[in-house]
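This report goes through a protein structure by topic, from model confidence to local backbone features. Please keep the sequence and the structure in view while reading.

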Amino acid sequence: MEALQRGPNPVVVTTGQYSLPATRENLIGEPPEDHWTHQQVPLEGADTEIIVRKRWLQKSDDGSSRVKSLVASLSDLSLDAYSSVTSADPNPIESYPFREYDLSLLRTVMQELITQGRSTDREYIQGRALLVLVRSLFTKFGWASKEEGSLVTWDVLFDLLVEETTYLPLWVQEMIDNTLVPTFDGDEDAWEVRLAKGIYLLNQTPTVPSTPENLGRLMVDDVTTSVDDVVERTESGLETLVDKQKVLTETNDEGDEVYTLVSEEQESILSRAQDKAAKISPHQLSAWLETRLRENDDFFRSDGSRHEVDVGDERLVPLRYDYSILEPVDRAPSPEYDALRVRMLADNPDTVSEQVETWQDVNDCRDGGEHVLITIDVPETMLERIRNVIGMGQVLDEETESHEELEREHRADKRRLESSVTEILEDASVYTVHEHRGSRSSVLEEVVADQVDTVFGSSRKTLSRPLVEVDDASAMAQFFRGSGEWPLSDADAAMLGVDTTSAELADTGWCREFIDRYESQKSVDVETLLQQTQTANGDYRGMPQESIAALLITLATSNESVALKQDTEYVTDPAAIGRQVRTKGGLRSIQVRFGVEVIDPKTVKELVTTVLGEEPTGDGPDEWLSELGQWVDENSVTVKRTLKRANREFNVRLDSFEETLEPALGGAELSTSDLGSEDDLETVLEEAEAFADAWELFGVEEDGTTLWERFSDGLDTMTSLDPSAPITESMRATAESATVPSVATVESRLQDAEDHRVDTVAEQYRRVTGETTTASDPAAVCEDLSAWLRANKDDVHGILEATTDEFGDIVFDSLETLFETAWDGEDVSEGDVVDSAVVQQAETYDQVRELFDDAGGASLWSQLQDTGRELREGHPESPTTDAVETALASSRPPTKRRVRQLIERAKDPKPPDADDDVWAELQTVAEELHQELPNATVTDDVTAIVDEDERPSEERVNELLSESKTVLERSRAFKERLDGLDEGSIVLVEK
């Protein structure tokens, strides 16, 4: 009592759990402000660690010396952490038998268990909590008699927390006691049980990842123990827990593979997944495994259908697949002759060998039987893993809520399982009906090549590279006409029978053999050829569709009298030939015809129609060409001028077209002999289309001028008025084109330019007058504007003067010059009206005109000034008053909409205490945004928030304020840089 009244003598330093001022007040009365009891200092959680070390872990001098020697022999137990895990004053000797970071991490664990991961500024774990645990370690867990060198492991810390606190969730204790311990034969001290306890506590420390290395260091129980041995044992134990689905593993954002004890909810899902797995049917297992086999190896294709597959050096091998997945091989396969037959057998290793013998006995010397068997040994453990993956997938699909950890674990299990499937595929064995050939990875390509030769022999022909039907047909046609190279390889030329030197079919080879066999029949259906690729004795058995297509392209584009016919029409265009033979349906619809010479009349008619602009009236190519020749003769001067202008304006030469018309230009008749080859005719047709467009531009006059002359004048006008307008750029691109533009394009550009000019001048009229004009051309709009300015001179003067008085930053020099022209009695010109400076100032004039318009009574600006005076008198401290004053004092005019908002808001001004500093600052910034960036998105967002009846959250206010300041700063900096540039400078603005 005397110490509480007069102070301790001598001075002492001590710690306690109760407030000294509060204790004195309860016993004696409230102490004065300068009383010594007020000198108490609250201890932080980190300080309590030091108290624990100093009080409960205190050691004698001799003990400290022995501990120092023990600690010196200790391996490095440092943890791989994302931030420091030790206290501000670590001391490994004082901390023993704990590691130097154990108490700090233990306090973190307890704090996390109490808060359940929620963010809080309060430290729940103070000195007493740690003191109780440390005391219990020695009084209840027998550590007072432990051998020197022993270290406290984290499963012991788990048991301490269970004994002395209620922090650990009940489900964790029950899961360990009722599920985990029985899993390991009831052994509570099983290594995996101890690891589970440690991993749960480690999961509560966000800064320390739950890796095997970190957990292993926390499970070292003696200074002499090998850390590497414990880490290795920890890794093994964790894998066991993962296999038993008691622990989940994942890779975190930092790239560390970490482990997590499954939660109560996860335990339930895992249990249901095991029940699902037990009910997986053999059919489901078979289907899953077959799908994975096909996904992991592109050699395997769908069951039952024919596929053409590249295998090693063999191209387009015809293959048919059959699968015996977890079921016996077929003892009576139906015969097939169009493909090499492959069976996949996947089953238990004990069953596979018996099934191989059965398959070989069934297919030996069997007509149309199977040729290759690939076997895979599927151990029972893999089947169990497949069941577990399927079961977990079904349970997760049924869940209405997301379980990210289990979903990640499921994906990882599925990837590992698929990797295992890849491994057993690598170990697959390959058999023929006579022998075991070896492993799939080393002999499959060789076996397929051998079987192709054995089954199909010389009847199978293939190209050395893939056929590109349309491109190769076009190139082959050019080759046979002497204007191109052979598109395929020399080996393909030899196989097909093509002499690449003379560009003709050779006397030997497949093409000549084909002609010799079928020419006497005059024709043969391609369907007949395709059937011979499928029958047992077919001439082309095993041959891919591509090879038939290559044969037909070669025949049809060669100089032989062979053609392809579909229905009643011949297919003569090389590209059309390529398209026709590209699909099986296209092949089946055509015939090969012999002794045929074909000129495509459709192309001739299209050529004449293109030039004349209408279909010819005669019958047949000769009459059509006669009509064309007569027209050319009658218009020879204009035709020649059009050809020259196309070359001069667009650098487009139409030499082939001009050469074709040469006889008609000289007064002679045109005939089919003037058209040249089929390829030449296609070139002439392309150039004729360009000529038709050029004729409309240069050869047809309207009111004494051609369309191109009108376009050139329009481009000159737009370049002078608005050189940067998009339509000007489009017109310039059309004029500089490397091809002859269409009439539609030129006329569209002219109309767009006219519309642009009218719209631009009409918009200027509206900005100045506030009215719309009915005039439909720029000159008429300018006349109307001049007349209006003269009739409203005084009003316009008033607006200009008011603007200068109210807004110091506004300059109307260019606009006033325009007005003076009209006031001097002259009409303003289109060029003056759309001048860029005039347009910019007219936009501002439009804004102030709306503010000063008093035609319907007091102007908006007058109303705002009256509102400001009323607010200053009646509500001088209101934020609303500040907003109005800011608008009135601005050097730039606010928008009409903003003024109306301020007048409306002034009807119910906000009280002075309605806003804190941040809110008030946001309102001020809103006014600045209205002045400087009225059309910005952030201005709309801030205005909407400020105008709402309810205030948003503090976080939202700060967010908008920060965004607004950033936008304003950038805008002002940009304007400042522009103001500092010399007049005429070019500015590039990057988005």
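## Model and confidence

Among the elements of the protein chain, the lowest mean pLDDT, 56, belongs to helix 1 (residues 2–6), and the highest, 93, to helix 11 (residues 212–218). pLDDT is the predictor's confidence in each residue, from 0 to 100. The protein chain has an average pLDDT of 81, and 89% of the residues score at least 70. Helices (H or I, at least four residues) and strands (E, at least two) are DSSP runs, numbered from the N terminus.

This is a predicted model, in which local features need pLDDT of at least 70 and side-chain atom pairs count only at pLDDT 80 or more, while totals for chains, interfaces and linings use all residues. Residues are numbered from 1 along each chain as its sequence is written, and side-chain values use heavy atoms, with hydrogens and water left out.

## Aromatic rings

A search of the whole structure gives 18 aromatic pairs. In the pair Phe819 and Trp823, the ring centres are 5.8 Å apart and the planes stand at 50°, so the pair is tilted. The rule covers rings of Phe, Tyr and Trp (its six-membered ring), which pair if their centres lie within 6.5 Å; planes under 30 degrees apart count as stacked, over 60 as edge-to-face and the rest as tilted. Phe819 and Trp823 both belong to helix 36 (residues 813–823), where they are four residues apart, about one turn of the helix. Both residues are buried (under 20% relative accessible area; exposed is over 50% and partly exposed in between, with a 1.4 Å probe and protein chains only).

One aromatic cluster is formed by Trp631, Phe657, Phe691 and Trp695. Lysines also sit over rings: Lys146 lies over the face of Trp143, at 5.1 Å from the ring centre, and Lys244 lies over the face of Phe184, at 6.0 Å from the ring centre. A charge counts as over a ring if NZ of Lys or CZ of Arg is within 6 Å of the ring centre and within 35 degrees of the ring normal.

## Strand 12 and its partners

Four of the five residues of strand 12 (residues 562–566) are buried, so this strand is largely enclosed by the rest of the structure. Strand 12 pairs with strand 14 (residues 590–594) in the antiparallel sense over five bridges; two strands pair if DSSP finds at least two bridges between them. Strand 12 also runs antiparallel to strand 13 (residues 569–571), joined by three bridges.

Strand 12 and strand 13 form a hairpin with two residues between them, and Asp567 in the turn has a positive phi of about 55°.

Six strands form an open sheet in the order 3-4-5-6-7-8, with mixed pairing. Strand 3 (306–311) and strand 8 (436–439) are the edge strands, each pairing on one side only. On average, neighbouring strands of this sheet are turned by 30° against each other, direction ignored. The axes are lines fitted to C-alpha atoms, for helices over the stretch in contact, and angles run from 0 to 180 degrees between N-to-C directions.

Arg306 has Arg320 as its bridge partner in strand 4.

## Cysteines

The count of disulfides (a pair of cysteine sulfur atoms within 2.5 Å) comes to zero. Cys511 is buried, with a relative accessible area of 0%, and Cys782 is buried at 4%.

## Loops and local backbone

Tyr96 and Pro97 are joined by a cis peptide bond, with omega about 15°. Pro97 is in the loop between helix 5 (92–95) and helix 6 (102–115).

Ala503 is not a glycine, yet has a positive phi of about 60°. Ala503 is in the loop between strand 9 (498–499) and strand 10 (504–505) and is buried, with a relative accessible area of 13%. Lys522, also a residue other than glycine, has a positive phi near 70°. Lys522 lies in the loop between helix 21 (510–518) and strand 11 (523–525) and is exposed, with a relative accessible area of 55%.
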